[in-house]
Amino acid sequence: MIMPKELSPDGPVAATRSGWLSSVVAALSTGLGGLQFPESPKWKAMGKRVENLLDQERDQLMLWSPVAIGCGVASWFALANESWWIAFILMCVGIAVMSRILGSETRWMRSMFWFSMLAALGCALIWFRSWSVAAPVLEKPIVTRFHAEIENVEIIAARDQVRLLLDTQGKQGLPPRVRVNLSLDKMDEKLRPGAIIKLRARLMPPAQAALPGAYDFSRRAWFMGLGATGQVLGDVKITQSAEPFFAFDDIRGSLSDHIQSQMTGGAGAIAATLATGDRGAIAEEDAEAMRRSGLAHLLSISGLHVTAVVGATYLFVLKLLALFPSLALRFRLPIVAAGFAAAAALGYTLLTGAQVPTIRACVAALLVLIALMMGRSAITLRMVAAGALFVLILWPESLVGPSFQLSFAAVTAIIALHEHPRVKALVAKRDESVGKRTGRFVFALFLTGLVVEIALMPIALFHFHKAGVYGALANIIAIPLTTFIIMPLEALALMLDSVGLGGPIWWLCEKMLLSLIGLAHFVSSSPGAVTMLPTFSKAAFALTIAGGLWLCIWKQKWRYLGFVPVTIGAIWIFGTRAPDVYITGDGRHVAVRSEAGDLAMLRTRSGDFIRGIILENAGVDGEAEAIDQWSNANCNTDSCTITVDTADRKWVILATRSSHYIPAIALSAACRRADIVISERRLPKSCEPRWIKADRTMLGQTGGMTINLEKLKISTVRQWSGQHQWTGFSDQAN
């Protein structure tokens, strides 16, 4: 084979990489013939325009780094197949190589190169993370007696139970880590981390999502290394007590008990949460009121709480040291105060359990303090991007959780809003009366709350199927009340307790907390306080998130193009039609939607948990009635036959609800008359409905499912979550 001189090893340009790339590009262009896009005037003009825009936005390009890694992580979860993961990484690398070859000197090609490479890195990171945390998972429910070491103790007083995280050392035929619930009345003060115990428990594999789009505990358990969950049967025997050592868990428990002893009821529970992160004592009705009123973020130790601690410590130390002229002249007091504030942030994070949201907030606070020490602008989107990169590199799985999405969406929206020139002009300090200054502050707070509510609404609807409508108004009162009154009062009361003078402050703090709880109940019970929607498409959710990021990150006018995907996604989300039939993965729980939008359930004695999941996924804010009470349902002890009317036809659904023997001939005849048959048992082959036989065999392959009778569309847990390591589907069939 004769090589062209310019491509031969002895050619004049062979010594340089750029010359070789140019020759390859020339060869590719010749092969493409008329499809030489770079030579087209239209494409040249478009490329030049994009290049000019990116040049104006060059300071914002770094902010897309966590977005690129997040795209890779999200793709790994969405594709859910090893072959597709490899294909995605190769595709990203291919795009990066082509962008390098075709235009390494242009900014938009370099941006494409780095975005593609970071996306590939994100996919590889979560793949490695999933492999590194892999641990055995229990295959089926068992009742067993075993020894284990306690890793963590969590008291959930509102449910009268204690949650124990146990280390079994991977012996006794059990996974290395299991979690069991113990009745609160059986709690012993010797049950603490490090103790060796002997117990008998019923264990089962971590629960998968009951329905498509529902909460998937099995995924969370996988990344926690948790192989089984269960309930303690009988008493727990302590075979070896824990050795005493300095532990934040003990301090947290003692502090939580002390606070709750000073204030009773819901006030004490929320006060303990603000100080220690212990949410176990909060009554369910109070927690639900906080969620429905848009104030639930106050119960999760994150940015607001860490900011309050850091800000209070910084100002207190700065003002205290400024009282001593010798110190003020010798040291740079802002740096010293920032150091104390950083120590307070770290201590508060450890005291409240060092959960991922708190760690994120702590990292962000430390970055702000470092910026203050360096004399740089502290609150910027670069700080948010650095915090997101830190979390995604260490815990890439947190991307798909609501905590990560809610916290970073809120902070990003707030900073992007206040960096807008018009908003900057609105909130800028000026010489004006106290009334105008207060009004400007209240309006800015309302505007911030409104923007945050809009930013968080699609995330809340996607994960929880509900979102508060009056949250912006409620937060105008709740955030200043919590940040500037309740938390300082609580800190002051704790300090005064050291000399026995905290009583009056605790009384005042209790009154403020009761007013916060009252506000939550008032807002949550107001008409139209909550918007509920059924499960909607991941693509619609992705469109709103992508559009929101485009709006927040860019600064030039082309940022407003982000309204296009946001609008399309919003129309898609609010136009989603709820399914007609809901079937959980075990086949026991079935719900059918009426023409009026109400739900009727097959088993009226379903637990609150499973009933809540079905109602949330259906977007129903209320209670479900019994199918027996429907006029178009015919039920007996063993089964129910339900008729559902749609625009085109009537559908007949047969659902079994007992374990009693049903004669094969009668069962076969009933199946032939039905379009859909649902059962928790394994039905014989002679049972042949006209469309779907959702028995134990089929549900073992698909997981829970929903059925849209109007569009003849079936959605399954398997389609939603894919065949990941934590899923337990019986085979590889779709």
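Gln 172 is partly exposed, at 40% relative accessibility, where buried means under 20% relative accessible area, exposed over 50%, and partly exposed in between (1.4 Å probe, protein chains only). The residue is found in the loop between strands β2 (161–167) and β3 (177–183); helices (H or I, at least four residues) and strands (E, at least two) are DSSP runs, numbered from the N terminus. Although Gln 172 is not a glycine, its phi is positive, at about 60°. A positive phi, near 55°, also occurs at Leu 712, a residue other than glycine. Leu 712 has its place in the loop between β18 (705–708) and β19 (713–716).

The model is predicted: local features need pLDDT of at least 70, side-chain atom pairs count only at pLDDT 80 or more, and totals for chains, interfaces and linings use all residues. Residues are numbered from 1 along each chain as its sequence is written, and side-chain values use heavy atoms, with hydrogens and water left out.

The text now turns to the chain as a whole. The chain contains 25 helices and 19 strands. Its radius of gyration is 30 Å, close to the 27 Å that the globule rule gives for 734 residues, so the chain is as compact as a globular protein of that length. Here the radius of gyration is taken over C-alpha atoms, and the globule rule is 2.2 Å times the number of residues to the power 0.38. Taken along the principal axes, the box filled by the C-alpha atoms is roughly 90 × 85 × 55 Å.

How much of the chain is buried? Buried residues account for 45% of the 734 residues. The accessible surface comes to about 37800 Å², and carbon and sulfur atoms contribute 62% of this area. Such areas come from the Shrake-Rupley method with a 1.4 Å probe; for residues, only the protein chains shown count as cover.

Contacts show how parts of the sequence are brought together. A contact means heavy atoms within 4.5 Å. Among contacts between residues at least 6 apart in sequence, 62% join residues at least 24 apart. Thr 535 is found in the loop between β8 (530–532) and helix α20 (538–553), and it is buried, with a relative accessible area of 19%.

The chain has 70 positive and 56 negative side chains, and the centres of the two sets lie 5 Å apart. In this count Lys and Arg are positive and Asp and Glu negative, while His and the chain ends are not counted. The place of a charge is taken as NZ of Lys, CZ of Arg, CG of Asp or CD of Glu.

How many disulfides does a search of the whole structure find? The search finds two, a disulfide being a pair of cysteine sulfur atoms within 2.5 Å. Counting bonded cysteines along the chain, the pattern is 1-2, 3-4.

Cys 635 is partly exposed at 24% relative accessibility, whereas Cys 640 is buried at 0%.

The other disulfide joins Cys 671 to Cys 687, with sulfur atoms 1.9 Å apart. This link is left-handed, with -85° about the S-S bond. Cys 671 lies in helix α23 (residues 664–673) and Cys 687 in the loop between β16 (676–678) and β17 (692–694), so the pair ties together parts that are 16 residues apart in sequence. Cys 671 is buried, at 0% relative accessibility, and Cys 687 is buried too, with a relative accessible area of 2%.

Cys 71 is partly exposed, with a relative accessible area of 33%.

Leu 315 has its place in helix α10 (residues 303–322) and is partly exposed, at 48% relative accessibility. Leu 315 and Gly 449 are 134 residues apart along the chain, and their C-alpha atoms are separated by 25 Å.
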